[in-house]
Amino acid sequence: MSASSIHRILLASIAAALVFVSLSCDDAGTPAPAGQVWTCSMHPQVRLPKSGKCPICEMPLILTKATAATPKKEGQASPEPEAMLTLSEHARAMASVETVPVQRRQITHEIRAVGKVQYNESALAVINSRVEGYIEKLYVDFTGVQVKKGDHLVEIYSPDLVLAQKELLVGLEGPANNALIEASKLKLLRWGLTQEQVDDLVQKRKVSERVTLFSPINGTVTERMAVQQAMVKSGEMLYKLANLESLWVYLDIYESELGWVQQGQDVTIQAEAYPSESFTGRIWFINPVLTEESRTVKVLVNIANTDQKLKPGMFVSAMIRVRVLADGKAAPTGLGGQFTCQMHPQILQAQAGACPRCGMALTVIPGGKTKSTDAELNVLAVPIAAVLDSGTRKLVYVEHAQGQFMPMEVKLGPRAGDYYSVLAGLKEGEKVAVRGNFLLDSQFQIQGLPSLFYAKGQAPAAGHQHGAPPESKPAVAPAAATGHEGHASPKPVEHKH
């Protein structure tokens, strides 16, 4: 438990003691009946049979009402104290206790992550020289230029291309040999000429010493190796192209959140360059390997970037909103079995086919087709403000009647926004304290009743035991003092941390 939480509980204990004194003021000055237990509001482990002062801090002891003597019939065991606290309207106002009913509602678990924009690897291309030659003219001479399919890139002189053109013309002028003619055409196409260039050669019957190479795809030049008047060899790379209309974002998802992530989930992306805008993508791939150094898993988000505002290399923040089911698990996306485009993830179709925007073959989204109903998404939820968490137990205080509060240990699902899903311990309509519950818990501790740190109530103890765990074996209560307790205070116990 954090130090700030412990500090809040200590402050609540002081306030609860003041509330308890206001509740117990009518008991002041009355003789102590047998069976009563007196305790200290600052040290509730002190349990003495008589009034007086705390042996630790010398504060006046207060009476615990829950352990007051109760008449019993002959042969009947003493009744156990009931874990119930009753507050008057005045005491409730002093403690600022507020309650809300437990209701069913639709809740969403939010996953926040950071990531980096990268190229869509399926949209990368390399322009190579397929023949040996010399670059006579460079049309695209710097990186960042956007080219379209069919745009000219370089003009190259290649003796091999000149010879291949002459072979085709010889085949056309000689005896009819369709096999030779088709082989010559195919060679030119394989060496980088377009079908239009081959057809023009057949029609004009004129060899071109310099041949222009064109871009086979749309894209942005990310690397340029071609240099004016340079010699290139067969297979040498001239340009690298990337289609920036579709990008990938790799998010780092922590191990504890991995169970909420599914393929096909929508992701909202924000970049520092555009603080007022958000971009939507879809989870496309979940890396099967965990990064041990950061305890994270890389999750790939496919984003349509038609306006090309996002740039590779940008750092972004992401939000994944997951609907929660009644059993505390993530609701299915309902997209399983549908088909989408790698380049345009916003495209969804029930049947296989081609993307209506780019013509690429659609791929199937894994997972079930079932979509959660409204009834499954109506989750019994309790506000996070109502839950006291010790790290091992979760407790809420339920108001069973006007001003009557009882602790209830609950089993909760994961946090979803401002609520927890309730798996066990509460019913719909029950009222729980969302304000003043720390004061209520402190009051239960003072009275020795079951509370957050004492599941079975607090047994008699004495001494100042800093750091002792709540369930540690209590020390033996000090013997009853003899003499006039009000005239002389006992010597305080040595304070050892």
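This report walks through the helices, cores, aromatic pairs and backbone features of a predicted model.

## The model and its overall make-up

Residues are numbered from 1 along each chain as its sequence is written. Because this is a predicted model, local features need pLDDT of at least 70 and side-chain atom pairs count only at pLDDT 80 or more, while totals for chains, interfaces and linings use all residues; side-chain values use heavy atoms, with hydrogens and water left out.

The protein chain holds seven helices and 30 strands. Both are DSSP runs numbered from the N terminus, with helices being H or I of at least four residues and strands being E of at least two. Of its 497 residues, 40% count as buried. Here buried means under 20% relative accessible area, exposed means over 50%, and partly exposed lies in between, using a 1.4 Å probe and protein chains only. Among contacts between residues at least 6 apart in sequence, 69% join residues at least 24 apart, where a contact means heavy atoms within 4.5 Å.

Let's begin with α4, residues 178-190. At 1.5 Å a residue, its 13 residues should span 18 Å, and the end C-alpha atoms are 18 Å apart, which agrees; the expected span is 1.5 Å times one less than the number of residues. Ile-181, Ser-184 and Leu-188 are the buried residues of α4. They cover an arc of only 65 degrees around the axis, which puts them on the same side of α4; the arc is that of the directions from the helix axis to the C-beta atoms. Turned away from this buried side is a face with the exposed residues Asn-178, Ala-179 and Arg-190. The buried residues of α4 pack against α3 (159-173) and α5 (195-204). Just after α4, Gly-192 takes a positive phi of about 110 degrees.

In α5, the residues Gln-197, Val-198 and Leu-201 are buried. Seen down the axis of α5, its buried residues fall within an arc of 100 degrees, so they line one face of the helix. The face of α5 turned away from its buried side carries Glu-196, Gln-203 and Lys-204, which are exposed. Packing partners of the buried residues of α5 are α3, α4 and β12 (210-214). Just after α5 comes Arg-205, with a positive phi of about 55 degrees.

## Nonpolar cores

A nonpolar core is a set of buried Ala, Val, Leu, Ile, Met, Phe, Trp, Tyr and Cys residues joined through side-chain atoms within 4.5 Å. The largest one has 30 residues, and those with the most contacts inside it are Val-249, Leu-251, Ile-253, Val-267, Ile-269 and Ile-320. Elements giving two or more residues to this core are β7 (108-119), β16 (246-254), β17 (266-271), β18 (279-291), β19 (296-304), β20 (315-323) and β24 (379-383).

Take Leu-251 as an example. Leaving aside neighbours within four places in sequence, Leu-251 has contacts that include Ala-113, Val-267, Val-299 and Ile-320. A second, separate core has 17 residues, among them Ala-83, Leu-85, Leu-87 and Leu-388.

## Aromatic rings

Three aromatic pairs turn up in a search of the whole structure. Rings of Phe, Tyr and Trp (its six-membered ring) pair if their centres lie within 6.5 Å; planes under 30 degrees apart count as stacked, over 60 as edge-to-face and the rest as tilted. Trp-248 and Tyr-250 make an edge-to-face pair, 6.5 Å centre to centre with 90 degrees between the planes. At 10% relative accessibility, Trp-248 counts as buried.

Tyr-397 and Phe-444 form a tilted pair, 5.2 Å centre to centre and 50 degrees between the planes. This pair links distant parts of the chain, with Tyr-397 in strand β26 (residues 394-401) and Phe-444 in helix α7 (residues 437-446), 47 residues apart. Tyr-397 counts as buried at 0% relative accessibility, and Phe-444 counts as buried at 1%.

Most residues other than glycine have a negative phi. Ser-96, not a glycine, has a positive phi of about 55 degrees. Ser-96 lies in the loop between α2 (89-95) and β5 (98-101) and, at 30% relative accessibility, counts as partly exposed.

Gln-229 also has a positive phi, near 65 degrees. Its place is the loop between β13 (219-224) and β14 (231-232), and Gln-229 is exposed, with a relative accessible area of 52%.
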